[in-house]
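Let's take a walk through this one together. Have a look at the picture first, and then we'll stop at a few spots along the chain.

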Amino acid sequence: MSFDFDATVVGAGAVGLACGRALSKRGLTVLVLEKERHIGQGVSSRNSEVIHGGLYYPTGSLKARLCVEGRRALYDFLASRKIDYRKCGKLVVATQEAEVERIEAIFEQATANGVEGLEHLTGAQARALEPELNAHAAILSPESGLFDSHGYMLALQGEIEDAGGSVVVSAPFEGAEPLPGGGLSVRVGGEGAMQVTSRLLVTAPGLSAQTVAATIVGYPASDIPAGHFGKGVYFRLVGKAPFDRLIYPPPLPGALGTHYRKDLGGQAVFGPDLAYVETEDYSVDPAKAEDFTTYIRRFWPSLPDGALTPDYAGIRPKLHGPGESQPDFQLHGREHHSIDGLMALFGIESPGLTSSLAIGEAVAAALTETA
Ligand SMILES: Cc1cc2nc3c(=O)[nH]c(=O)nc-3n(C[C@H](O)[C@H](O)[C@H](O)COP(=O)(O)OP(=O)(O)OC[C@H]3O[C@@H](n4cnc5c(N)ncnc54)[C@H](O)[C@@H]3O)c2cc1C
């Protein structure tokens, strides 16, 4: 049977585009569907743009493996395409003696995960690097960095299109139905509503992962993990950025916690916190500046009064509720839902951006090896 496309990808965020690129690289004709008017308007445009080392995740998990592999691939990709990035390094900081044990555990986890170049620093060594830092001890992760995620997504789009694929915006995926001889029929809404056939289907719709899976005929409801929205807000510093490196206190339960970064424009940004919400609400409550100030002064005691201004918010597509442990990325292939040619992604929260190229390769390999 001939199909209109070899592969259709739902969602033109960093992960959907990386899946589209990985499938294009294998010589497949690819269609990427995006419901918004532009690519990269979802979770991929509301995050910290940090290239994570891969320190925290349980060894052997997809997060640990795909973050380390994805980070290495991402630096190569950015350098070869001349996309802006800065391998500025990161300090994980114990601000008092009681936190030393926690950063030691992170060091051991990171070493087991194969993260390169980690160093133990005393408080004095950390202050020699970042003089305004309050640190009892720290871990230096030289592989951590920052990048221009929009430049990255545009480059992915360009590579899909150069390979003959299409990235179509204002084109919401409305559902799919497996065809008797293999492949799927895909319904696309919007002004150019159409129906296409595709041998393979990848769903990477970020916060809509659960609702999108539910529109696929025959997708077992029991295989759709419950989703939660984990909102995080950011505040920007009015004034000169105090540190060059990323600064992370030990993580909060369920998130890496409020950290510091000097963005590519040289401005200091703090965040994200974590609050569970029911709807996609991106407002930033200015009253949170007080809690942020208290928190930040643990590692930057000289933060001036009134120096934080509300910036933006992002929402994590979480698979765990408050107090529950954080699960791994979920890449659900045939063994989960019994539908040939379908890969459904769930819970692609941090470090999804860092891992995106490796997720794309893993998805493409799984689909092309079994298809
Ligand atoms: C506050 C915050 C901070 C973070 N910081 C970092 C970080 O520093 N480093 C890191 O590595 N990761 C970070 N992450 C995680 C990272 O941003 C995500 O893992 C990643 O961006 C997810 O990309 P995605 O393509 O899966 O989702 P998205 O970017 O949300 O893309 C999904 C796309 O699908 C589209 N879509 C949805 N439904 C449909 C439909 N029916 N039809 C067509 N299109 C549809 C959406 O419009 C969207 O464009 C952070 C996340 C948050 C929220």
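Our first stop is Glu 49, which counts as partly exposed because its relative accessibility is 22%, and buried would mean under 20%. Keep in mind as we go that this is a predicted model. Glu 49 sits in the loop that runs between strand S2 (30–33) and strand S3 (50–51).

You'll find Ser 170 in the loop between strand S9 (166–168) and strand S10 (173–178). With a relative accessible area of 34%, Ser 170 counts as partly exposed.

Now for a residue in a strand. Is Ser 198 buried or exposed? Ser 198 counts as buried, because its relative accessibility is 0%. It belongs to strand S12, which covers residues 194–203. The side chain of Ser 198 makes a polar contact of 2.9 Å with the side chain of Thr 8. If you set aside neighbours within four places in sequence, the contacts of Ser 198 include Phe 3, Phe 5, Asp 6 and Ala 7, along with Gly 183, Leu 184 and Val 186.

Last stop: a pair of helices. How do H1 and H5 lie relative to each other? Helix H1 (residues 14–25) packs against helix H5 (residues 149–162) at an angle of about 30°, and their axes are 9 Å apart. The two helices are therefore roughly parallel, since angles under 35 degrees count that way. The crossing of H1 past H5 is left-handed. On the H1 side, the contact is made by Ala 14, Leu 17, Ala 18, Gly 20, Arg 21 and Ser 24. H5 brings Tyr 152, Met 153, Leu 156, Gln 157, Glu 159 and Ile 160. Sorted by type, the residues of this contact come to 7 nonpolar, 3 polar and 2 charged.

Conventions: Residues numbered from 1 in each chain as written. Predicted model: local features only at pLDDT ≥ 70, side-chain atom pairs only at ≥ 80, totals over all residues. Heavy atoms only, no water. Helix = DSSP H or I, 4+ residues; strand = E, 2+ residues; numbered from the N terminus. Buried < 20%, exposed > 50% of the residue type's maximum accessible area, 1.4 Å probe, protein only. Polar contact = N/O pair within 3.5 Å; in protein donor to acceptor, adjacent residues only side chain to side chain. Contact = heavy atoms within 4.5 Å. Axes fitted to C-alpha atoms, helices over the stretch in contact; angles between N-to-C directions. Parallel < 35°, antiparallel > 145°, perpendicular 65-115°, else oblique. Left-handed = near helix turned anticlockwise from the far one by under 90°. Nonpolar A, V, L, I, M, F, W, Y, C, P; charged D, E, K, R; others polar.
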